[in-house]
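I opened a new page for this structure.

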Amino acid sequence: MKEKENNKNKNMLKSRIDKSTGFEKRFENAGTVVYENSIEASKAVAKEIADLIKVKQAQKQPCILGLATGSSPKGLYAELVRLHKEEGLSFKNVVSFNLDEYYPMEPDSINSYVRFMKELLFDQVDILPENYHIPDGTLSKEDIADYCSQYEAKIKAFGGIDLQILGIGGNGHIGFNESGALQNSKTRLVALDHITRVAASNDFSGLNNTPRTAITLGVKAIMEAKRVILLAWGERKSNIIKASVEGEVTNRVPASYLQEHNNATFVLDKAAASKLTRINTPWLVEKIDWTDELIRKAVLGLALHLKKPILMLTDADYIENGMSDLLADSGPAYDINIKIFNKLQNTITGWPGGKPNADDSKRPERAEPAKKRVLIFSPHPDDDIISMGGTFKRLQEQGHEVHVGYQTSGNIAVADDEALRFASFVCDYNDKFGIKSEEAEAIYKKAVAFLKNKKASEVDIKEVRYIKGLIRRGEAQSTCYFVGVPDNQIHFMELPFYETGTIEKKPLGEKDVKITMDLIEKIKPHQIYAAGDLADPHGTHKVCLDAIFEAAKRLKPKKFMKDCWIWLYRGAWQEWGIDEIEMAVPMGPDQVLEKRKGIFKHQSQKDGVVFQGSDSREFWQRAEDRNRETAELYDQLGLSHYAAMEAFVRWKY
């Protein structure tokens with residue numbers, strides 16, 4: 001018994017040492033490995049799985065895998081498929097058990113996990129159909145309890161799960177074991193948390209269509225797995241990862257139970273790990289080299305933590321909060337405070353395109369050329385006005401040549417009844433003015449017939465998708481007219497990766513990059529604005545950003561690109577950290593209202609499409625509050641007080 005306890009302690013100690021850095025992670029209570037991005041992380045996990053499969057093959061034993069769904073394991077499954085097709089990895093000895101399934105759910109539904117797993121993995125490898133198991137969403141409620149007991153019994157009959165893959169929900173759920181799930185909970189039917197349902201509502205075209213229940217493997221079965229790997233990508237997961245890894249073990253955050261597993265690892269990308277103490281405040285963990293970026297991050301964080309303006313921080317504040325090294329290197333506090341205050345003050349500008357005939361040495365943008373060509377990329381048809389509407393309008397008002405590139409049609413965010421209303425309007429319009437159009441009538445009848453009989457497993461027919469795209473195109477044009485942008489400066493790119501008719505998109509392709517390059521080369525902009533929202537590495541914003549980055553890198557040798565600066569704005573997910581902001585464009589109360597009017601031009605998105613996650617505010621409310629909160633941070637730090645601010649970070653390529 002004592003030897004077993006000693007081995008457990010050794011394993012726990014081992015899990016607290018980061019192999020990539022070698023220093024003790026004093027604040028972390030579970031093993032964590034951080035990769036540059038989700039692609040590298042997914043490849044590393046896929047290699048571990050492949051190695052395990054091969055070891056089991058050599059031993060002539062089955063390899064029992066616990067598998068997850070959601071966005072996190074997509075890259076993992078893509079790499080496993082590649083290993084099978086290109087390197088001959090066989091799955092014939094693999095037996096898999098999936099974590100969960102929505103209930104009720106038909107297996108051929110677009111949102112079923114059966115369909116997800118077959119499309120992304122099972123149908124592309126040589127796993128035997130009888131060897132993969134996914135909870136059945138078609139059972140009667142009376143049969144679920146017995147079914148769940150049998151599901152666990154099958155796992156035990158195979159000797160338990162060798163390696164369990166997990167994702168993590170915004171409330172810390174693993175599988176669908178929501179906040180409050182006990183450590184000894186069994187496989188069962190559960191009610192889904194509101195946070196979970198809101199996060200999934202976009203997949204189901206609204207909260208009302210989102211299932212309220214699901215079948216999930218219990219926490220007990222997860223903890224009994226011999227090896228557990230939890231995957232988390234993107235900034236959206238950073239807070240819950242910190243709570244799960246550094247916080248107390250609590251049923252309020254079920255992922256925190258993994259702290260007590262002797263072979264569990266949190267595999268993270270840099271964004272998901274960004275709130276961990278050793279990454280967010282490394283000076284509290286080890287002695288560091290104080291770069292300008294770290295000094296700014298530390299001082300601004302200290303001021304906000306103590307609720308003090310920057311210039312009010314004292315030597316004692318630095319010493320008492322783990323920053324005595326900085327004070328010794330660069331002090332006294334007064335000198336450091338002045339330096340950081342001035343840097344932050346210099347980010348504020350009412351001239352996002354540069355102020356003509358002014359000293360631009362301390363401004364975020366160049367004074368020349370005084371009139372710039374500006375290209376704003378908008379992943380969806382409303383991201384431009386929602387995320388940077390005040391800056392958008394100011395650039396136009398200050399005489400710059402502003403172009404907007406709408407990267408996708410955004411058609412999947414339009415409700416079916418909106419499409420029917422629009423098609424009906426066209427028919428009524430033709431009838432009213434005596435315009436005979438059998439084609440329009442036929443399209444309307446076809447759309448009505450499809451939508452009235454549409455099944456959960458069906459993708460919109462192309463006519464319906466086109467109608468929905470036209471709705472969003474018209475709204476985008478309306479916003480541009482409101483701002484003052486003429487037709488010839490509005491560009492609808494319709495990147496091919498998006499046009500699947502479902503939430504699931506194609507990978508970024510050569511055509512997407514070529515379309516992006518062609519638009520940049522046509523305009524030859526002095527400024528590019530792009531959505532730098534990295535919350536979901538598999539989301540539309542990230543794919544659109546990757547297209548811009550790749551296009552910029554390929555065009556870099558072109559002469560005009562030497563004068564092109566790329567500014568990144570944030571989408572509806574969250575704002576840049578105060579220490580990251582390089583340009584802050586202030587807005588007065590009237591400008592805030594003007595931005596709101598511009599957002600309201602997107603009527604199909606009003607009163608229905610909400611901010612994903614636990615936040616039930618609409619996009620315009622979320623954006624408005626976020627802009628106000630940014631201004632309040634500047635005010636709290638002792639700078640000028642504005643009604644709102646839009647923030648940007650420059651990407652240097």
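I counted the elements and found 21 helices and 17 strands in the protein chain. Helices (H or I, at least four residues) and strands (E, at least two) are DSSP runs, numbered from the N terminus. I noted that this is a predicted model, where local features need pLDDT of at least 70, side-chain atom pairs count only at pLDDT 80 or more, and totals for chains, interfaces and linings use all residues. Residues are numbered from 1 along each chain as its sequence is written, and side-chain values use heavy atoms, with hydrogens and water left out.

Next I looked up overall size. The C-alpha trace of the protein chain spans about 80 × 75 × 45 Å along its principal axes. Of the 653 residues, 53% are buried (under 20% relative accessible area, 1.4 Å probe, protein chains only).

I then checked contacts (heavy atoms within 4.5 Å). Among those in the protein chain with a separation of 6 or more, 74% join residues 24 or more positions apart.

Last, I took up helix α3 (residues 74-87) and helix α4 (residues 113-120), whose axes come within 9 Å and cross at roughly 40°. Axes are lines fitted to C-alpha atoms, for helices over the stretch in contact, and angles run from 0 to 180 degrees between N-to-C directions. I listed Lys74, Tyr77 and Val81 on the α3 side of the contact, and Phe116, Met117 and Leu120 on the α4 side.

Key:
Buried < 20%, exposed > 50% of the residue type's maximum accessible area, 1.4 Å probe, protein only.
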